[in-house]
Amino acid sequence: MSDLPLILASQSPRRRNLLEEAGFVFEVVPPDDDLEDAPEPNESPLNYVKRLARRKAENVLEKIKRGLVLGCDTVVVCRGEILGKPTDRNDAARMLRLLRGELHVVHSGLCLCSKPDGRCDVQGETSTLRMIPISDTELENYLDSGAWQGKAGAFGLQDRNGWISLVHGSETNIVGLPMELLHRMLVH
């Protein structure tokens, strides 16, 4: 698979930055917008993001002639609730209030599909975080910044606010693309 061009099936600037910083040469081909859906009954959050990552990779695979497609999906889970990207400021505020003072996990699904052979490898990564009990003023200032937009759980570890700390797992997983897992998948 290594002789195939790498294609990122995501429009996430954070995922692009992680790949660029690691020295990857790749093309971006976004998947169709309507691929994300709700978890299936009794589907674990980790299996949910793995399923969505595969759907995105397979969707882009249909659009190309040749390549190694990387599909990704990430969610935050706190108190059993799956937190995707907030729909608006009020949704972001609700998510951040739920997260403050709590342990929570970030699940990412990665899928590598190759064309012309059609092989797919889907794996997942989980990291644990803690958010300190930030004040309402800190929360409002963060919401005013707009930095929550497009981020699962309405936050980004890369924003370096000081109120989120990694307890266990991959820091790049929290940003949306677990690079250690990607490297393992590429050499396997």
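In the predicted model, helix H3 passes helix H4 in a right-handed crossing. The axes of H3 (residues 89–99) and H4 (residues 136–145) come within 11 Å and cross at roughly 140 degrees. On the H3 side the contact is made by Arg89, Ala92, Ala93, Leu96 and Arg97, and on the H4 side by Leu139, Glu140, Tyr142, Leu143 and Asp144. By class, six of these residues are nonpolar and four are charged, while none is polar.

The buried residues of H3 are Asp91, Ala92, Ala93, Met95, Leu96, Leu98 and Leu99. At the start of the helix, a side-chain oxygen of aspartate 88 reaches to within 3.2 Å of the backbone nitrogen of asparagine 90. Glycine 101 follows H3 and has a positive phi, near 80 degrees.

The structure holds one disulfide. A disulfide is a covalent bond between the sulfur atoms of two cysteines. Here the partners are cysteine 113 and cysteine 120, with their sulfur atoms 2.0 Å apart. The torsion about this S-S bond is about 110 degrees, and the disulfide is therefore right-handed. Cysteine 113 is buried, with a relative accessible area of 0%, whereas cysteine 120 is partly exposed, at 25%. Cysteine 111 has its closest cysteine sulfur in cysteine 113, but the two sulfur atoms are 3.5 Å apart, which is too far for a bond, because a disulfide requires sulfur atoms within 2.5 Å. Cysteine 111 counts as buried at 0% relative accessibility, and cysteine 78 counts as buried at 1%.

Apart from neighbours within four places in sequence, leucine 52 is in contact with Leu35, Glu36, Asp37 and Asp73. Between leucine 52 and serine 10 the separation is 42 residues in sequence and 12 Å in space, taken from C-alpha to C-alpha.

The side chain of lysine 151 reaches the backbone oxygen of alanine 147 at 2.7 Å.

How values were computed
Residues numbered from 1 in each chain as written. Predicted model: local features only at pLDDT ≥ 70, side-chain atom pairs only at ≥ 80, totals over all residues. Heavy atoms only, no water. Axes fitted to C-alpha atoms, helices over the stretch in contact; angles between N-to-C directions. Helix = DSSP H or I, 4+ residues; strand = E, 2+ residues; numbered from the N terminus. Left-handed = near helix turned anticlockwise from the far one by under 90°. Contact = heavy atoms within 4.5 Å. Nonpolar A, V, L, I, M, F, W, Y, C, P; charged D, E, K, R; others polar. Polar contact = N/O pair within 3.5 Å; in protein donor to acceptor, adjacent residues only side chain to side chain. Buried < 20%, exposed > 50% of the residue type's maximum accessible area, 1.4 Å probe, protein only.
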